[in-house]
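Student: I have a new structure to look at, and I would like to learn how to read it. Could you walk me through it step by step?

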Amino acid sequence: MKKIEKFEDLEIFQSARELCKEIYNITKEGDFKYDVRFVQQYK
């Protein structure tokens, strides 16, 4: 078993980062792009 030295080593953390990137890419275009309330959640 691989030793975990920091939370970035956790597979669940890496998967969450990939999911976040995918969601960002989907929502930065199309109708989401113009939804002010939705966009403000990123800030």
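Tutor: Happy to. Keep in mind that this is a predicted model. Let's begin with F13 and its contacts beyond the neighbours within four places in sequence.

Student: Which residues is F13 in contact with, once those neighbours are left aside?

Tutor: F7 and E8 are the ones in contact with F13. F13 itself has its place in helix α1.

Student: How many aromatic pairs does the whole structure have?

Tutor: A search of the whole structure turns up one aromatic pair. The partners are F7 and F13, with ring centres 5.0 Å apart and planes at 90 degrees, so this pair is edge-to-face. In general, two numbers describe such a pair: the distance of the centres and the angle of the planes. The word edge-to-face applies here because the angle is over 60 degrees.

Student: What about the accessibility of F7?

Tutor: F7 has a relative accessible area of 49%, so it is partly exposed.

Student: Let's turn to charges. How many salt bridges does the structure hold?

Tutor: The structure holds one. It links K21 with E18, and the closest N and O atoms are 3.6 Å apart. That pair qualifies because the cut-off for a salt bridge is 4 Å.

Student: Where do K21 and E18 lie?

Tutor: Both are in helix α1, three residues apart, or about one turn of the helix. K21 is partly exposed at a relative accessible area of 44%, and E18 is partly exposed at 43%.

Student: How many helices and strands are in the chain?

Tutor: The chain has two helices and zero strands.

Student: And what share of the chain counts as buried?

Tutor: Of its 43 residues, 2% count as buried. The accessible surface of the chain comes to about 4,500 Å², and 56% of that belongs to carbon and sulfur atoms.

Key:
Residues numbered from 1 in each chain as written. Predicted model: local features only at pLDDT ≥ 70, side-chain atom pairs only at ≥ 80, totals over all residues. Heavy atoms only, no water. Salt bridge = Lys/Arg side-chain N within 4 Å of Asp/Glu carboxyl O. Helix = DSSP H or I, 4+ residues; strand = E, 2+ residues; numbered from the N terminus. Buried < 20%, exposed > 50% of the residue type's maximum accessible area, 1.4 Å probe, protein only. Areas by Shrake-Rupley, 256 points an atom, 1.4 Å probe, with all protein chains shown as cover. Phe/Tyr/Trp six-rings, centres within 6.5 Å; stacked < 30°, edge-to-face > 60°. Contact = heavy atoms within 4.5 Å.
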